[in-house]
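Have the sequence and the coordinates open while going through the points.

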Amino acid sequence: MNDTIVAISTSLQEGAISIIRLSGDDAIEIANKIFSRNLTNVPSHTIHYGMIHEDDELVDEVLVSVFRTPKTYTREDVVEINCHGGVYVTRKVLSLCVAAGAKIASPGEFTQRAFLNGRIDLTQAEGVLDLIEANNAQNASKAISSVKGSVTRLIQPLCEDLLAIIAHIEVNIDYPEYEDVEQLSQEVVLPQAKLWLTRIEQIIRQAQNSYQLKKGINTVILGKPNVGKSSLLNALLEEDKAIVTDIAGTTRDLVEGVVQCKNVTLNLIDTAGIRDTKDVVEKIGIERSLKALEQAELILVVLDQSRDIDDEDKKLLALTEGKNRIIVYNKSDVQKLNEGVQISATSNDIHELIDEINHRYETQIHDSSQTTLNNERQIGLAIAAKNAMRQAIEELEQNVELDLVTIDLQEAYTSLKEILGEVSREDLLDALFSNFCLGK
């Protein structure tokens, strides 16, 4: 934290502009060493035209932005050098900053400093990463909400109400003559604790539903050979990713892709057609298909509606019985049925399937539009807080000594604070920020 850090904050490739970002106590001093103008007394949030030089040699014509603490991304002095977007020039300016005293920033170090300096909490930092990685409008919208503090506003009232419960108990422990212990437990603390548990259970449920959509539904396309599985994959992806022929057993390995079906993202796997075979390579593909089936969150069972259901179809229907599946009747252009989800994969007529998928995940779609926790870390800590509160409620119902109940309540409070990063472990922070790109 005592070093002034520097990194390239734009993609290192040919382009119109590259940005080299400095942050730290010496950011302005370092910039002065390589810039043609003196930035020492310039106002904050101003831009200055000039030249980058190495001794007497001109390197580039640039614009330099100056941001003074504390109103900056890191709450440190920040300087951004906007140079021409060539790879050589960008690297040259970076090396001059290092020669002038800056240290190359590690991935996510700018955002980590923003967190450590108290400008953002940990959920907002994770929102920055989510915004960078967002692959659709819905995920981007949730990420920007997190950056603006939506998760903090969700968790903070739970923290405050939990502190009120703890305070009720601790007052009684410190001044037992003022209130009956059993009466306090049953009439005051226990109803508050149960209400708090209901609230966090709802938050966890919505978060799990939302996170499932965010990461995408692991979806397996299953069927016997030649029913149109690969054609369906290609229709969903809108590209010819899987080889399609009339020869049974063409798909011998897993073919994967990601597709956005209106409001639902599917992580698709087209499997080898499942049948009895003596072909060694095809057998390996079928084994992999069965393994993928075990891990699937949604199964699309494809049947050829132009033919009667045979024993192989019946085996697949039995294999997927009780699982989250959609039975898809392909080749509707050949023959129409009166019921079921009907498609023609070769004609790209798959709207009935897309509508059914979105109907199947209506609850998750609704929950993803709400303010929720956004990743496994946050959800896991919320579950830890919920479990600690459940333990406390059991103890209250059994009239256990209140000072013992407080231990579990404090554990729930600590878990919530860890979501926000107000209680944090150094190894966790290192792991989290290492996922960021350089320059952010």
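The points below go through strands, helices, the nonpolar core, ring contacts, cysteines and backbone geometry.

The model is predicted. Its largest nonpolar core has 36 residues, and helix H7 (181–215) gives the most to that core, with 10 residues. The structure holds zero disulfides and one aromatic pair.

- S1 pairs with strand S2 (residues 15–23) in the antiparallel sense, over four bridges. The link from S1 to S2 is a hairpin of six residues.
- S1 also pairs with strand S6 (residues 103–104), here in the parallel sense and over two bridges.
- Ile5 takes part in both pairings: its bridge partner in S2 is Ser23, and in S6 it stands opposite Lys103.

**Helix H4**

- Helix H4 runs over residues 122–133 and has 12 residues. At 1.5 Å a residue it should span 16 Å, and its end C-alpha atoms are 17 Å apart, which agrees.
- H4 is mostly covered, with nine of its 12 residues buried.
- The buried residues of H4 include Leu122, Ala125, Val128 and Leu129. Thr123, Gln124, Glu126, Gly127 and Asp130 are buried as well.

**The largest nonpolar core**

- Which residues have the most contacts inside the largest nonpolar core? They are Ile155, Leu162, Trp196, Ile200, Met389, Leu409 and Leu416.
- Helices H6 (150–174), H7, H13 and H14 each supply at least two residues of this core.
- In soluble globular proteins, nonpolar side chains tend to be buried together.

**Aromatic rings and a charge over them**

- The one aromatic pair is formed by Phe115 and Phe433, whose ring centres are 6.3 Å apart. The planes are 35° apart, and the pair is tilted.
- Phe115 is in helix H3 (residues 109–116) and Phe433 in helix H15 (residues 426–433), so the pair links distant parts of the chain, 318 residues apart.
- Both partners are buried: Phe115 has a relative accessible area of 9%, and Phe433 is at 1%.
- The charged end of Arg21 sits over two rings. It lies 5.8 Å from the ring centre of Tyr73 and 5.4 Å from the ring centre of Phe110.

**Cysteines**

- With zero disulfides in the structure, Cys83 is in none, and the nearest cysteine sulfur, that of Cys97, is 9.3 Å away.
- Is Cys83 buried or exposed? At 2% relative accessibility, Cys83 counts as buried.
- Cys159 is buried too, with a relative accessible area of 1%.

**Backbone geometry in loops**

- Most residues other than glycine have a negative phi, and most peptide bonds are trans. The next points list departures from this.
- The peptide bond joining Thr69 and Pro70 is cis, with omega about 5°. Pro70 is in the loop between strand S4 (57–67) and strand S5 (78–85).
- Asp55 has a positive phi, near 60°, and lies in the loop between strand S3 (46–54) and S4. With a relative accessible area of 68%, Asp55 is exposed.
- Asn399 has a positive phi, near 55°, and its place is in the loop between helix H13 (376–397) and helix H14 (402–420). With a relative accessible area of 40%, Asn399 is partly exposed.

- Leu237 is found in helix H8 (residues 229–237) and is buried, with a relative accessible area of 13%.
- Leu237 and Gln260 are 23 residues apart along the chain, and their C-alpha atoms are separated by 8.5 Å.

Key:
Residues numbered from 1 in each chain as written. Predicted model: local features only at pLDDT ≥ 70, side-chain atom pairs only at ≥ 80, totals over all residues. Heavy atoms only, no water. Disulfide = S-S within 2.5 Å. Buried < 20%, exposed > 50% of the residue type's maximum accessible area, 1.4 Å probe, protein only. Phe/Tyr/Trp six-rings, centres within 6.5 Å; stacked < 30°, edge-to-face > 60°. Lys NZ or Arg CZ within 6 Å of the ring centre and 35° of its normal. Expected span 1.5 Å × (residues − 1). Pairing = 2+ DSSP bridges. Core = buried A, V, L, I, M, F, W, Y, C linked by side-chain atoms within 4.5 Å.
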